[in-house]
Structures are given as structure tokens and as C-alpha cells.
Amino acid sequence: MNGLVGGQYQPLSQKNIEKIHETSLRILEEIGVKVALDEALQIFKKHGAKVDGEIVRFPFSVVEKALKLVPHKFLMAGREEKNDLHMEDKRVYLGTGGAALTVLDLETGEAKAGTIRDIAQLATLVDALENVHFYLRPCVPQDIPKEAMDINQFYAALANTTKNVMASAQSVQNAREVIAMARMIADGEEALVRRPFISFVTSWMISPLHFATETTRVLLEVTKNKIPVALSSAPMAGSTSPVTLAGALAQVHAEQLSGICLTQLANPGSPLLYGAIPSMADLKWMTYVGGGIEFGLMNAAISQMAQYLQVPNYNSAGLTDSKIPDIQAGYEKAYSICLCVLAGSNYIHHAAGMLESMRAVAYEQFVIDDEIIGMALRLLRGIQIDEETLGFEALREVGPSGNFLSSMHTVKFMRQEYFRQALADRQARDAWGKAGSLDGRERARRKAREILKSHIPKEIDPKIDQEIRKRFDIRLS
């Protein structure tokens, strides 16, 4: 899929983009970052950074060198070409995200612990949803032992969707296992590099300005293998970054620049997503806030910072603090999704399924969010203006006091001009009542059940699947 192009919404002026960038460079040069991993310290020292114990400071020349090496575009493939994501410019894609511990049961609505079966079934659901473009593992399978979790969550996802699959790896060895499995499916190392249908998210930054040692090892391993990776850093304004939006943006941009320096100086040209997710803390309750309007505003702004560097970006929209799929979830999600879509964010995760500030997901919420995303994408298409769409000849044909119901102009454009809502109800009240007076959540539940019953994703080749099960500890039956 080519991806619609955003960029119509620009909360930051060019002057303010440059001010934030200059402040971030000062942060790196004067304050620096804390790094406890010797391998990373040696890379930085070799390329001219100033290393003082575990504090690394970056002269501008080091950042400039890294920015010349980082790719400006790359492919994040699907197992099927129709699901390819072209990470470049302001092309927009939206998908799932998170590491929720809780899943709302599709039948009872009750909260339960996430399982490997949920990862598989949610992948099947996403495979069928037209407006959800990729599958970032949305919940943590708590029925799988920690040492087998990474290979199993990637397997469960890959076996049930042909969209690009992203997840994390808890160790270098786990990352190697996942990459080895993907090479088996792709038919070799070169084939996987050419069409990488897996990708990794690495939360390598402990804000403020502190590299997480084990995750940094994983980050270096993934980039060494030329697999796309998201540099995830998510400071909370007022808690792990300055409370002001500008201060949070300056800090997270500095964190991203330090990650770009590490990956590109170690493995030049490795594909990565600028992964800033500026967020906020509720200072009354000391909790993470996903549904605040400022969250969407900051994530739209940080897209401009990535565009300034000409590096494809990964950010967040579609979060809500609501515990169930209700009106609060609807308006909080719609605002941030629209803001980030119109800003031209490339890889917008958390856009489908999330509830309770990333702590939970619900099957029906994926279906609801597919419709919200579809409406947001319709905004990107804009209004087509040409001789035919202006309708002069159609108006001449109908004339004063006529109607356009049977006009060929209407027949031609009625399906392409308007977004067709599959979930929303537009019936008259009497017809809605006769149909059961269903609310949106129940309609979404029914659609999710229907998809899981009828949709059959393209399977992994059975011979390769058998080899994978022999080689790795696969728990999904």
C-alpha cells in the first residue's frame, strides 16, 4: 500500500522547529546521556564523542555524521506485497501497539490476563481490518514462560496475519531466534533484508537521558542484521521530562538524536524509525495520561521534528484513559488520530484496540478504531477539484428544480467520494429499534465475532511451519 500523504497540520513553525533542534543539540553537548554499556561507550568514543565515566556528550560534528548515514526511506514489508509499508516523506500508516496485560473478553466483557491465543486471534482480526495497516503485538501473553515469550509472540502474529509484525525482544539471544525464524519464512537472510516483514521496537531509553543496558544490546543486534527498528522513548511531561510541552519535545528529540548516533555509527545505513512518543503525567493522580489533547498535539509536533531530520517516524495516537469502549474512548482516540494523521506521521501505533492508558485492549475496540482510522484517512484524501467533480455538466443536465438521485454523475462518484461506514448506524429510530436497538460496542462485538469465525489468514508454508516447530519452543497449538 502506498500510504496517503499528510502534512496539512503543522503545530510548529519552521522557526520553532529549529529552536527545539538547537536546544536538543545543546542538551547532548552540555548535559549528555548516561550509558553503562561498554560496547556503546567504545562506539561513541571512537567517533569523537566525549566520554566521562558513564556520561557521553556529543559535539555537533558527531550528530551531523550520524544524520548523514541514517536512511531517509526504507521498506517495511508484509508477507504479502499488498501490505507493504513505504516509510518515507509524509506517508501515513496506522496500526496496533502496546504491551497490555489485560484483554477484555469478547463474550463477557470481563478483564482477563492476555494469552498467546489472544495474540493469534487479534492478528487474525487485524488481518481482516482494511484500515489497520500493521500489527504491533498488542498484549503480553501471560500463559507463556518468559524465556519462550518473544519467539512465541512473533510466531503467533506471523502465522495469523500477512501485515508487518513488530514486537520487542527481551535479550540478544531472543532477537537472534526471532530473526532466524523470519529468515526461514523468507527463504534466507538476503530475502529478509530485501523484504523485512518483521520489525522490532526497542525501548532503549529510560527518560530522562539514560540508556537501558540490555535493550541497547538488543538494539545493536537488530541494526546489525538490517531489520527495521523503532527507537522508542516515551518521557512523561512533569515526571520524566520538563512539564512544558516545549521542554518535553526538546528532551525527547535529544534522546532520539543520541539513538540515531549509536545505531548509525555502529551499523551505518541500518533502517530505523525515529521513535519519540512524548507523553504526560497526571500530577494529581501520578498516572500516565494517554487521552489528553496535549498528547495528540505533542505527537503531531514530534512528527515535524522527524521530518526536519528526514527520518521516518514512529509515534503514538489512539490512546484513551477510558477502561471500556465508550464515548470517552471515542473522542480521545479520534482527536489524537486525526492530529497525527494530518501531521504526516509515518508509523502511528496504538491507533487500534487500546484502552486504559495502554493497560488493556478489547476485541471490539479494534473494530471501532478501524472505522475511526478510516474516517481520518478520508481527511487526508481531501476534496478533489476538477471539471468533472465540480459537476457543472451534471447540473446542466438536471437543471433548476431537479434532483440528482438518478444522475450518472451520482452513480459514478457516490462510492468513491464518501467514506462508507461499516459499523455506524444511520437508520431511522424505528428501524434501529426493530433491529435490536444495538449500540456501537455491541455492533462491533458482533462484527469481531463474525471476522474471527470466517476470516482465514494466509498460512505459513506447512513444511516451513513444521521446521519452525522442531527448532523452536512454539506453544501455540
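**Reading burial, strands and pockets**

Author: A362 counts as buried, because its relative accessibility is 0%. The model is predicted: local features need pLDDT of at least 70 and side-chain atom pairs count only at pLDDT 80 or more, while totals for chains, interfaces and linings use all residues. Residues are numbered from 1 along each chain as its sequence is written, and side-chain values use heavy atoms, with hydrogens and water left out.

Reader: Which residues does A362 touch, leaving out those up to four places away in sequence?

Author: Contact means heavy atoms within 4.5 Å. On that basis A362 touches L104, P325, G353 and L355. Buried means under 20% relative accessible area, exposed over 50%, and partly exposed in between (1.4 Å probe, protein chains only). A362 belongs to strand β23, residues 360-362. Helices (H or I, at least four residues) and strands (E, at least two) are DSSP runs, numbered from the N terminus. I324 is 38 residues away from A362 in sequence, yet their C-alpha atoms are 7.9 Å apart.

Reader: Is N174 buried or exposed?

Author: N174 is buried, because its relative accessible area is 12%. N174 is in helix α6, residues 172-186, and touches E147, D150 and A169, not counting residues up to four places away in sequence.

Reader: Which way do the side chains of β15 point?

Author: In a regular strand the side chains alternate between the two faces of the sheet. In β15, V229, L231 and S233 point one way, A230 and S232 the other way, and all are buried. β15 is thus described as mostly covered, with 5 of its 5 residues buried.

Reader: Which strands does β15 pair with?

Author: Two strands pair if DSSP finds at least two bridges between them. Strand β12 (residues 198-202) runs parallel to β15 and is joined to it by 3 bridges, with T202 opposite L231. Strand β17 (residues 272-276) also pairs with β15 in the parallel sense, over 5 bridges, and there G275 is the bridge partner of S232.

Reader: What is the strand order in the open sheet of 4 strands?

Author: The order is β1-β7-β21-β20, with mixed pairing. β1 (4-5) and β20 (314-316) stand at the edges with a single partner strand each, so one side of each has no neighbour in the sheet. β7 (residues 91-94) and β21 (residues 347-349) run parallel and are joined by 2 bridges; L94 stands opposite I348.

Reader: What is the volume of the largest pocket, and how many residues line it?

Author: Rolling a probe the size of a water molecule over the atoms shows where empty space is left. A pocket is an open set of points on a 1 Å grid over the protein atoms alone, where a 1.4 Å probe fits, with protein on both sides within 12 Å along at least five of seven lines; lining residues have an atom within 4 Å of a point. The volume of the largest pocket is about 790 Å³. Its lining has 35 residues, and E130, N131, G374, L377 and F419 lie nearest its centre. Helix α12 gives the largest share of this lining, 7 residues.

Reader: Where does the second largest pocket have its centre, by closest residues?

Author: The second largest pocket holds about 660 Å³ of space. It is lined by 27 residues, and G98, A99, S203, S232 and M358 are the closest to its centre. The elements that give two or more residues to this lining are α5 (146-158), β13 (205-206) and β15 (229-233). The largest share, 3 residues, comes from α5.

Note on methods: Grid points are joined across faces, edges and corners, and a volume is the space filled by probe spheres set on the points.
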